[in-house]
Amino acid sequence: VHESGLDAEKSLTTAATSSAGPLWVLGNRRAGRGRAYRLASRLEACFARRGWPVRFFWPGSREELRELAAKAAAEGQRRLVVLGGDGTLLDVVNQIHRHGRGIELGLVPAGDANDVAAAIGLPRDPLAAAELLFEWNVRAIDLIRVGTGDGREWVYLGVGGAGLDAEAARLAAETFSWLPGVWRYLAGALVAFSRGHRFEVRLDCEGEAWCGRVSLAAVANAPA
């Protein structure tokens, strides 16, 4: 884990305080093809001008990111900021759900798609989104809970799917990770679609049931 930090000389306002000291920013150095990491110095300067003490963390893996989020909850952090994309946000939200209910979460979108940020109306420009942190207007957002075949439970904010959608995301992250932005997801979707895989689904909703074979099943908590 790589850490950088700054402690501004000016006192911290009540709106910015955390019970454990400086505000933690959990960043993903690979998000947006390195975009998040390149923004770090500008964000540090932005926080310094406002008199906010912060600590930047750059975990080397998803496991380290999850461990840091759990550690923040264990150490009494009341607020966290995620600097990255939808995947980074997903990992942190799950750790907060498991270990730190009640933690307030800020988001500086710096990934490729940033679907959740778009759904809640954050600016596409990460620096503009960071400016909103200083207002720290809190809003509640629904979570969708899902159980997987290995017995684990997860939550998510945006859209969760099985079949074509999930396979396209896997291919985008692995096979086509070298492509820029949305192109990796389009390439993944085309390959997944060409394979024609279908599976059985049972849907129970408001007292009615439906069964059938589908290529994709999704539950959305945001525009898709």
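Both Phe56 and Trp58 are buried, a term that denotes under 20% relative accessible area, with exposed meaning over 50% and partly exposed lying in between (1.4 Å probe, protein chains only). The model is a predicted one, in which local features need pLDDT of at least 70 and side-chain atom pairs count only at pLDDT 80 or more, whereas totals for chains, interfaces and linings use all residues. Residues are numbered from 1 along each chain as its sequence is written, and side-chain values use heavy atoms, with hydrogens and water left out.

A pair of aromatic rings is described by the distance of the centres and the angle of the planes. The structure holds eight aromatic pairs, where rings of Phe, Tyr and Trp (its six-membered ring) are paired if their centres lie within 6.5 Å, and where planes under 30 degrees apart count as stacked, over 60 as edge-to-face and the rest as tilted. In the pair of Tyr37 and Trp58, the ring centres are 4.9 Å apart and the planes stand at 85°, so the arrangement is edge-to-face. This pair links distant parts of the chain, since Tyr37 belongs to helix H1 (residues 35-38) and Trp58 to strand E3 (residues 54-58), 21 residues apart; helices (H or I, at least four residues) and strands (E, at least two) are DSSP runs, numbered from the N terminus. Tyr37 is partly exposed at 42% relative accessibility, while Trp58 has a relative accessible area of 3% and is buried. The rings of Phe56 and Trp58, with centres 6.4 Å apart and planes at 20°, form a stacked pair. One aromatic cluster is formed by Tyr37, Phe47, Trp52, Phe56, Trp58, Phe134 and Trp136.

Two packed helices are described by the angle between their axes and the distance between the axes. Helix H3 (residues 62-74) packs on helix H4 (residues 86-99) at an angle of about 40°, with the axes 9 Å apart; here axes are lines fitted to C-alpha atoms, for helices over the stretch in contact, and angles run from 0 to 180 degrees between N-to-C directions. H3 is therefore oblique to H4, given that angles under 35 degrees count as roughly parallel, over 145 as roughly antiparallel, 65 to 115 as roughly perpendicular and the rest as oblique. On the H3 side, Arg62, Leu65, Arg66, Ala69, Ala70 and Ala73 meet Thr88, Asp91, Val92, Gln95 and His99 of H4, contact meaning heavy atoms within 4.5 Å. By class, this contact of H3 with H4 has five nonpolar, three polar and three charged residues, with Ala, Val, Leu, Ile, Met, Phe, Trp, Tyr, Cys and Pro counted as nonpolar, Asp, Glu, Lys and Arg as charged, and the others, Gly among them, as polar.

For helix H2 (residues 40-50) and helix H6 (residues 126-133), the axes come within 11 Å and cross at roughly 30°, so that H2 and H6 are roughly parallel to each other. Arg42, Leu43, Cys46, Phe47 and Arg50 in H2 meet Leu127, Ala130, Glu131 and Leu133 in H6, and the contact of H2 with H6 has, by class, six nonpolar, no polar and three charged residues.

His97, placed in helix H4, is buried at 18% relative accessibility; not counting residues up to four places away in sequence, His97 touches Leu143, Glu153 and Val155. Ala187 in helix H8 (residues 181-195) is buried at 16% relative accessibility and, with the exclusion of residues up to four places away in sequence, touches Phe176 and Leu179.
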